[in-house]
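Please read it with the structure open.

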Amino acid sequence: MSAFLVLLPFPEGYMRVLLASSSWLMVLTPALLAQNPPTTKPDSLHWGPAPAVFPAGARLAVVSGDPFKAGMFTIELALTDGYRLMPHFHPTAEAIKVKQGTFVFGMGDTFDAAKAKSMMVGDTGTVRANMHHYASAKGATIVAVTAMGPFALTYVNPADDPQKQVAKP
């Protein structure tokens, strides 16, 4: 039986993992994907550097839609081993699916690897709008993200935003 993860924060800062049966997956996934079926075959994706809001080293490919316009989109992010995305949030909900590697995912305002959960190939999850979360990669990792555009990412700590960091001489 397949399942997906829904990670929810609780007042004490603890995280609960709610596993839902494949029937929930069958109910939720078509709603996300039916509005925007993939227009590109995975082997023909055009990969390029991720936008500057991501730390250096991430690559991005658009699977469907336009992440920078209103409407549903799906992207794939390729992350190198050890890649870290510091605590951040988005104004819209996200659906995540691990395509390759291990995606390590946690909730909260600070990056805490000990509290993060590993998502393996085939695992899926959702993140509510404005939920503070962070991630890292074990091994070369590819994650598909489906959400409503336009895409926006805000760091909990503005100093973590690569666009605001001053280059060292």
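1. Lysine 99 is partly exposed, at 38% relative accessibility; partly exposed covers the range between buried (under 20% relative accessible area) and exposed (over 50%), with a 1.4 Å probe and protein chains only. Lysine 99 forms a salt bridge with glutamate 76, with 3.7 Å between the closest N and O atoms. Since lysine 99 lies in strand β7 and glutamate 76 in strand β5, the pair ties together parts that are 23 residues apart in sequence. Glutamate 76 counts as buried, at 8% relative accessibility.

2. This is a predicted model, in which local features need pLDDT of at least 70 and side-chain atom pairs count only at pLDDT 80 or more, while totals for chains, interfaces and linings use all residues. Residues are numbered from 1 along each chain as its sequence is written, and side-chain values use heavy atoms, leaving out hydrogens and water.

3. A salt bridge here is a side-chain nitrogen of Lys or Arg within 4 Å of a carboxyl oxygen of Asp or Glu, and the count comes to three. One of them joins aspartate 66 and lysine 69 at 4.0 Å, N to O; aspartate 66 is partly exposed at 30% and lysine 69 is exposed at 54%. Another joins aspartate 161 and lysine 164, also with 4.0 Å from N to O. Aspartate 161 is buried at 7%, whereas lysine 164 is exposed at 58%.

4. The protein has one helix and eleven strands, taken as DSSP runs numbered from the N terminus (helices H or I, at least four residues; strands E, at least two). Strand β7 spans residues 94-107, and ten of its 14 residues are buried, so the strand is largely enclosed by the rest of the structure.

5. Not counting residues up to four places away in sequence, phenylalanine 54 touches several residues, including Leu77, Tyr83 and Phe151, a contact being heavy atoms within 4.5 Å.
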